[in-house]
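Please have a look at it first, and then we will go through it piece by piece.

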Amino acid sequence: MNKELYRKLTGLCEKPLAQASNRDIYLALLDLVQDLSQKNEKPVTGRKLYYISAEFLIGKLLSNNLINLGIYDDVRAILQDSGKNLSDIEELEPEPSLGNGGLGRLAACFLDSLATLNLPGDGIGLRYHCGLFRQSFQNDVQNEAPDLWLDEHSWAEKTDVVYPVLLAGKTCSARLYKLNVTGYHGRTNHLNLFDLDTIDESLITDGISFDKSDIEKNLTLFLYPDDSDDAGRLLRIYQQYLMVSAGAQLILSECEARGCDLHNLADYAAIQINDTHPSMVIPELIRLLGEKGIPFEETVQIVTDTCAYTNHTILSEALEKWPRHFLDQVVPQLMPVIEKLDCLARTRTDDESTAIIDCRNVVHMANMDIHFTHSTNGVAALHTQILKDSELANFYRLYPEKFNNKTNGITFRRWLLECNPALTKEIGMLIGPGFRQDADELEKLLAFADDPQVLQKLTDIKKENKKALADWLYQKQGIKINPDAMFAIQSKRLHEYKRQQLNLLFLIHLYLEIKAGHTPAVPLVSIFGAKAAPAYTIAKDIIHALIALSKVVAADPQASPWMQIVFVENYNVTAAEKMIPACDLSEQISLASKEASGTGNMKFMLNGAVTLGTMDGANVEIAERVGNDNIYIFGQSSRQVINRYAKGDYCAYDWYESDPNIRRAIDFLCSPQMQKAGHEENLSRLHNELIYKDWFQTLPDFNAYLVRKAQAMTDYAQDTAAWSKKALVNIAKAGFFSSDRTIAEYNRDIWHLGE
Ligand SMILES: *Cc1c(COP(=O)(O)O)cnc(C)c1O
């Protein structure tokens, strides 16, 4: 036993561990970790990265920090000796609610990799009091409640640092909170989160509604306040400005403290703009540098050299555009700068499509980013190609040298070492510990691809993880699932482009086939996890339809031995860590061209799930690496989809009318059984949407999806060893998707940190 650690822990608890409560121990561990992480803070030389993002979906931090500091096994052993259990203690930690989905999780993985690679790089964001929302199902529909995750003892420590920020004509104080980001045997960096002292959580009434009038009291209550009305939209701009103005002041003061004269800012700072939410950092920095007496033209050059932009989507509703009068109202101090930038951009091209302020007085944030940063990157090879070829083709012609690809990645510390200890241990026994630092070493597993004992061991580990997920689900939601079935998981934000509705139609089809006497090759447990944006009606209807169908199936003694549908409440990082290691089939079925990268696909692959997916986002790069035998690809290509949109000739009704399987599945939504299990209004709205609109082309991919999924189920049922081999190849080929690789590429091509 590590005696020194034991003494420290008991000292912090002020009593023998056996007599301490789990809460005492949790707080002692928090102190211990903060202390140890501070020791790994290192002075910064040369360029330092600031990653500005509206979201950091960091997940619980205790285990992650213990692993990164190299004391996880020791702490667990010490606790065990005193009759305590680390996972019980972990239960006490609230999951920080600072993000929404993949974009925020990516930011968290990047911070981990920066610190692990010993690169100086901090995050800048906001300290939301309630984050997104806590999801529950009531009366079979999504219910939203505030997620009050802030604890008086928190990883994010309050500092004395405040910056003045002009909000609605009034100067407010943005207070800095600092959270230590530990690297795996690396340095400690920081996540800087800003907040106002004046926020009043009692403004929240009735679910997640709140009085939107007084921004001093409500500004950081929620991430993405409902933007279906003007008050909500204005609030988002205020939030963004708080983040970038305080962030810009932090960056300038840190650089000046290191001796930077601001003409050379780009030698001291690299700023990564994560999607368009932080775009106003560009005019804000120009404004602040102007106040220091630097001429406009030079400030523009400095900011361009310092900043880089990441594009995360081609969905047009996500590329932020604000009516000019909104910005006039919220950030009048920035409008003269934005106007000058618009004029300057117009001297470079007369292509109206690249204007910052268009002829209808709409301000295009992404356009400002591309003109006035030195790098624009997409997040997977296919996505970057689509940006160059179509979405941003006009910009690519103007600035070909700015465009580059950085395929996303995930941190293997959280998504393998932490969430799947049994698999981690087995890999270590087979190929040694090197893969912990160098993910490419996982390829050494290929030497065991035909070793029956290894394949059996992988099957056994998966089975144990499936049992653990079943236990967790039973505890959490009182649902019993069959661990002998095949587990297919689709967990990600609910959006029509991700096509949970395609999975729904498959499950209806499967149900009706079973009723007709055609049983599948293997029993299937279909597990979903997804939050729908509170104002996204159809997304909520899809959740409802899945829950209604799950009731129909569960009540049917003929079908229930063969299929089960489970919707996990409140999908978040903690849930993901339980679900992903237990997955057999990873559902990555977005409409080709729409999922920029995906990172869930990478987590599943790393944990030995086989992908059933379209040729979209990083699925393309997964398929390239594992080969056709080890992935199930189906559906239209991105080229076909883009052409269909260009022609505008997609007609869902034709598919509905001409294909009996499609018609039968869709019409089941309005069957007496479904109507009895669910709500008529939600189900018929979805029925209508699918046959008259189906903007994300579910129906053309329906039959191909059926065929590939049935093939996967047959393969799984027929030859366990062959399936296990597919799993092994997926694990072995996952190294490329380590965020350590992604960060090394950003550093090589864009940031040049420490130089
Ligand atoms: C990884 C992750 C996501 C992103 O999943 P995609 O399938 O890439 O959309 C979303 N939410 C959570 C909690 C995650 O861990």
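Before I point at any pair of strands, let me say what pairing means here: two strands pair if DSSP finds at least two bridges between them. Please also keep in mind that this is a predicted model.

As a general point, strands of a sheet pair through backbone hydrogen bonds, either parallel or antiparallel.

The two strands belong to an open sheet of nine strands with mixed pairing, and the order across it is 5-6-7-2-1-10-11-14-15. Which strands stand at the edges? They are strand 5 (156–167) and strand 15 (403–405), and because each has a single partner strand, one side of each is left without a neighbour in the sheet. On average, neighbouring strands of this sheet are turned by 25° against each other, if direction is ignored.

Two of the helices that pack on this sheet deserve a word. Helix 15, residues 381–391, touches strand 14 and strand 15, and its direction makes about 160° with that of strand 15. Helix 32, residues 739–751, touches strand 1, strand 10, strand 11, strand 14 and strand 15, with a direction at about 115° to that of strand 10.

Let me now turn to a serine in helix 6, which covers residues 102–116, namely S113. Is S113 buried or exposed? It counts as buried, because its relative accessibility is 0%. Its side chain makes a polar contact of 2.6 Å with the side chain of D740, and, leaving out residues up to four places away in sequence, S113 touches R413, S739, D740 and I743.

Another buried residue is R414, with a relative accessible area of 2%, and its place is in helix 17, residues 412–418. Beyond its neighbours within four places in sequence, R414 is in contact with a list of residues that includes I58, K60, R105, V573 and E577.

Setting aside neighbours within four places in sequence, L341 is in contact with I282, I286, F296, V300, I356, M368 and F372.

I will finish with some loop residues. Most residues other than glycine have a negative phi. N118, however, has a positive phi of about 60°, and N118 lies in the loop between helix 6 and strand 2. A168, in the loop between strand 5 and strand 6, likewise has a positive phi, near 50°. N118 is partly exposed at 36% relative accessible area, and A168 is partly exposed at 46%.

Lastly, D211 sits in the loop between strand 9 and helix 7, where its side chain makes a polar contact of 2.6 Å with the side chain of S213.

Technical notes: Residues numbered from 1 in each chain as written. Predicted model: local features only at pLDDT ≥ 70, side-chain atom pairs only at ≥ 80, totals over all residues. Heavy atoms only, no water. Helix = DSSP H or I, 4+ residues; strand = E, 2+ residues; numbered from the N terminus. Polar contact = N/O pair within 3.5 Å; in protein donor to acceptor, adjacent residues only side chain to side chain. Buried < 20%, exposed > 50% of the residue type's maximum accessible area, 1.4 Å probe, protein only. Contact = heavy atoms within 4.5 Å. Axes fitted to C-alpha atoms, helices over the stretch in contact; angles between N-to-C directions.
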